[in-house]
Amino acid sequence: MVNLEWYRTFKSVYKNGSFSLAAKELFMSQPAVSQQISMLEAHVGNKLFNRKSKGVEPTEYAKLLNNLIIDALERLENVEVGFRAKAQDANRLISVGISKDLFSSIGNALISKYALIDFTFAENDALFSLVDSKKLDFAIVTKRYDTFDTIQEMVAKIKLVMVAPVDLDITEFRQKIKSDNFTEAEQWLNEQKWYSHEARIPHIKLFWLHAFNKKRPSMIPNYIIPSEYEMLEILSQNSGIAVTWNCNARRFIQKNKLQLVWNSFYVPEESVYLLTGKHNNLSSVFKIMSEELRQAFRV
C-alpha cells in the first residue's frame, strides 16, 4: 500500500540533502524523518541515502525513484494547495451587498456555499460606493460601472414579468393581448387589485413604459409590502396582480402558487453583474462566486 507521506518525506530529504533540514521543512522530528525513510527503503527494497559527515547523499536508486515520482507528487501537492485555498475561501468572512428584490432569489444559493457572509441591502449606486470605498467585498447589481478600481462581470439576464394567483381567470386579458388590443388590456389591468414592494412602484412604472409606452400607469397599488418575496407570498394567497423579476416569480410558478400573466415582448431584459474591487486578494472567490451566481439564476 502506498504511503504518500513517505514519498513527501523522501522528496524533502532528497531536495535538502539532510534529515534535519527536511524535519524543519516538514515540521517533524528528525527521528520521525529517519523512520519514514527506513520504512520506504523496506517497502521499495533498496537503500535510498548514504550518510556523510554533513547530511546525506542519494543513491543511484534514489535518483531513479525521484525521477519517477517527482512530477506526480508535485501535481498532487498543487491540487492539495488549490483545494485548501478554496476551502479557506469558503470559510472566510465575506461581505456581500445586494438589493432586497434579488436576495430572495439567490440568497440561499450563497448561504449554502459560504460559511460566513455579512449581507448589506442597498440599491445599485449605494452598493457601488461601498465596494469602491472597500467597505464591501462584493456587490450584486443591475447596473454597469466602468471604473479603474473595480472589476465587474455579468452573471445573469433578468426580466420584469406580470404574475397573479393561479385561480385568477386571465383568459379575457390574454385574448386582448393576442389581438393587440392594448387599450382594453390596460383597462382590464386597471380594474385588478395591485401589489407593489415599494410606494414609488418602480417595477410597474418600468413595465408600463415598455409595454404600453407610458411613463406612468393610471392605477395606484392597493397593497405595498416592502419585501418582494413576502409580496409574492401574500399575493399567492389572495387576489390581485404584481410585477416582479422573473427570477423571483420562477419558484412560485414552479410550485403552482402563481401564474404568469404576461411576459411582454416589449419589456427588455436587464443584466445582473457581480462587482468587486481590484487588488483585494479575493480574485479566486470572485471567480467561484460568478459561476455560482450563474447557476443560481438558471435554477
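Helix H7 (residues 171–178) and helix H8 (residues 182–190) pack at an angle of about 155°, their axes lying 8 Å apart. Helices here are DSSP runs of H or I with at least four residues, strands are DSSP runs of E with at least two, and both are numbered from the N terminus. Axes are lines fitted to C-alpha atoms, for helices over the stretch in contact, and angles between N-to-C directions run from 0 to 180 degrees. H7 is therefore roughly antiparallel to H8, since angles over 145 degrees count as roughly antiparallel, those under 35 as roughly parallel, those from 65 to 115 as roughly perpendicular, and the rest as oblique. On the H7 side the contact is made by Glu 172, Phe 173, Lys 176 and Ile 177, and on the H8 side by Phe 182, Glu 184, Ala 185, Trp 188 and Leu 189. Contact means heavy atoms within 4.5 Å. By class, 6 residues of this contact are nonpolar, none are polar and 3 are charged. In this scheme Ala, Val, Leu, Ile, Met, Phe, Trp, Tyr, Cys and Pro count as nonpolar, Asp, Glu, Lys and Arg as charged, and the others, Gly among them, as polar.

The model is predicted, with local features requiring pLDDT of at least 70 and side-chain atom pairs counting only at pLDDT 80 or more, while totals for chains, interfaces and linings use all residues. Residues are numbered from 1 along each chain as its sequence is written, and side-chain values use heavy atoms, with hydrogens and water left out.

H5 contributes Asp 101, Leu 102, Ser 104 and Ser 105 to the contact, and H11 contributes Cys 247, Asn 248 and Arg 251. These residues divide into 2 nonpolar, 3 polar and 2 charged.

An open sheet of 5 strands with mixed pairing has the order S9-S8-S10-S7-S11. Strands S9 (223–224) and S11 (258–262) stand at its edges with a single partner strand each, so one side of each has no neighbour in the sheet. Two strands pair if DSSP finds at least two bridges between them. Strand S8 (residues 194–196) and strand S10 (residues 241–245) pair in the parallel sense over 2 bridges, and Tyr 195 stands opposite Ala 242 in S10.

Another open sheet of 5 strands runs in the order S4-S3-S5-S12-S6, again with mixed pairing. S4 and strand S6 (150–158) are at the edges, each with a single partner strand, so one side of each is left without a neighbour in the sheet. Neighbouring strands of this sheet are turned by 20° against each other on average, direction ignored. Strand S3 (residues 93–98) and strand S5 (residues 138–141) pair in the parallel sense over 3 bridges, and Gly 97 stands opposite Ala 139 in S5. Helix H6 (residues 124–132) lies across S3, S4, S5, S6 and strand S12 (270–277), at about 160° to S5. Helix H12 (residues 283–298) lies across S3, S5, S6 and S12, at about 10° to S6.
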